[in-house]
Amino acid sequence: MDLNMNVDAPHSMGTTIIGVTYDGGVVLGADSRTSTGMYVANRASDKITQLTDNVYVCRSGSAADSQIVSDYVRYFLHQHTIQLGQPATVKVAANLIRLLSYNNKNMLQTGLIVGGWDKYEGGKIYGVPLGGTLVEQPFTIGGSGSSYLYGFFDQAWKEGMTKDEAEQLVVKAVSLAIARDGASGGVVRTVIINSEGVTRNFYPGDKLPLWHEELEPQNSLLDILNAPSPEPMNI
Amino acid sequence: MNFMASKQPENSLLGPEADSQRTLYPYVTGTSVVALKYKDGILMAADMGGSYGSTLRYKSVERMKSIGKHSLLGASGEISDFQEILRYLDELILYDNMWDDGNSLGPKEVHNYLTRVMYNRRNKFNPLWNSLVLGGVKNGQKYLGTVSMIGVNFEDNHVATGFGNHLARPILRQEWHENLSYEDGVRLLEKCMRVLLYRDRSAINKLQIAKITEEGTTISRPYSLKTYWEFSAFANPAQGAVGTW
């Protein structure tokens, strides 16, 4: 069939990315698959990137474009923090992302979700999709896998969740998207940001819940074949 | 100036091209099939995914089917074309049985038939969008061959389609040997399928392994493989390389 697999195709993070606010902070989540065409170039990528101590960004779309934008914004924010004398706000970080995305819209192909915590506004999530629009939202989803989550969030999202509820929602959502989006996969990474600091979590592929038509993983077919026959019923 | 109204039908279904349709591109596709010869016959593995572009739409598609008494066919590519091929083979086997002469089509014959079908369709620019693996045993002789959508066909001790060619064949070239036991064959196929699961975007974690021997064909029930994610570099990618992605 496709014996001329394009190993030179641009690295794209097909991706599922999510940002959710909760009472006290934000939870950012992402899958870990980076693909070159149909080949999975990296099955354990880290798509949640630090901009400052208190602001992180979820990257989707072109791996190169999202990396370079993050690099520039981290650089600007570093200088800004020194000049300001205190941590940058999430809004400033999001706006810098927007400036680069908007002013280079013809050349960039990356959708970003900025999330963090600052002392003025608390936990905030900003979406910066293709084109460079800036939208502040209580939660937002992005990447190719997000198509499969619009209905899910319409039903499952609630105002005023706790930290654990928010994180469970994010892990469940990324896991559902991975089940249906070929461009998403691997592990689920989450980053929780609040007044106390930043917590990174890692949910490996074999620890995620099983969905429709998915089966419990086995070591080998041989184990199933050698399993004892069911006992006769005692009716 | 065009005075005469053109007699060309506007609707493409009214012209001479009306009765034939061409597969220009596939819609619902299956990914790799991997197969090898072992001591008693052939082992073949394929996952149960039917992808619709990048969506993993169908997760219980059986991509391996038994053909006649002596053959096993696995397919990747467009599922509807595979189903059409199964209809052609049904008819072929039926006519063969109607001779009622004690002879039955073996894997070599079925493979040759498929090669002719695939190649002739390719020549008409209307291919069946599949890569096929045909394995079987007849009179103690093991046979394993493959045909692609353009009619390329050959036999070997181990074959694969699609991504399997890039990821599974190298493993098989290293680790396959004559007279593999059933257990070793299954483990080797599972090793290949696990790599495909990690690295092929269209792979899903639900597969079947089929075995064909002189006695007959068995296709296992669907099952899933365990995967490994506990490398410390996966949990902490930035540990030895600060600022990495």
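Visitor: What makes the 5 strands of chain B an open sheet, and in which order do they stand?

Guide: In this predicted model, the order is β11-β2-β3-β12-β13 of chain B, with antiparallel pairing. Strands are DSSP runs of E, at least two residues, numbered from the N terminus, as are helices (H or I, at least four residues). Two strands pair if DSSP finds at least two bridges between them. β11 (158-160) and β13 (216-219) of chain B each have a single partner strand, so one side of each lacks a neighbour in the sheet.

Visitor: How do you know that β3(B) and β12(B) pair?

Guide: They share 7 bridges in the antiparallel sense, and the criterion asks for at least two; the two strands therefore count as paired. In β12(B), B:Ile209 is the residue opposite B:Ala45.

Visitor: Why is the set of 27 residues called a nonpolar core?

Guide: The term denotes buried Ala, Val, Leu, Ile, Met, Phe, Trp, Tyr and Cys residues joined through side-chain atoms within 4.5 Å, where buried means under 20% relative accessible area (exposed is over 50%, partly exposed in between; 1.4 Å probe, protein chains only). B:Val34, B:Leu36, B:Leu43 and B:Ile209 touch the most other members of this largest core. α4(B) contributes the most, 7 residues.

Visitor: What does B:Val34 contact beyond its neighbours within four places in sequence?

Guide: Its partners, with heavy atoms within 4.5 Å, include B:Leu43, B:Ala168 and B:Leu196.

Visitor: How are these residues and values defined?

Guide: Residues count from 1 along each chain as its sequence is written, chains are lettered from A and ligands numbered from 1 in the order written. Local features need pLDDT of at least 70 and side-chain atom pairs 80 or more, while totals for chains, interfaces and linings use all residues; side-chain values use heavy atoms, without hydrogens and water.
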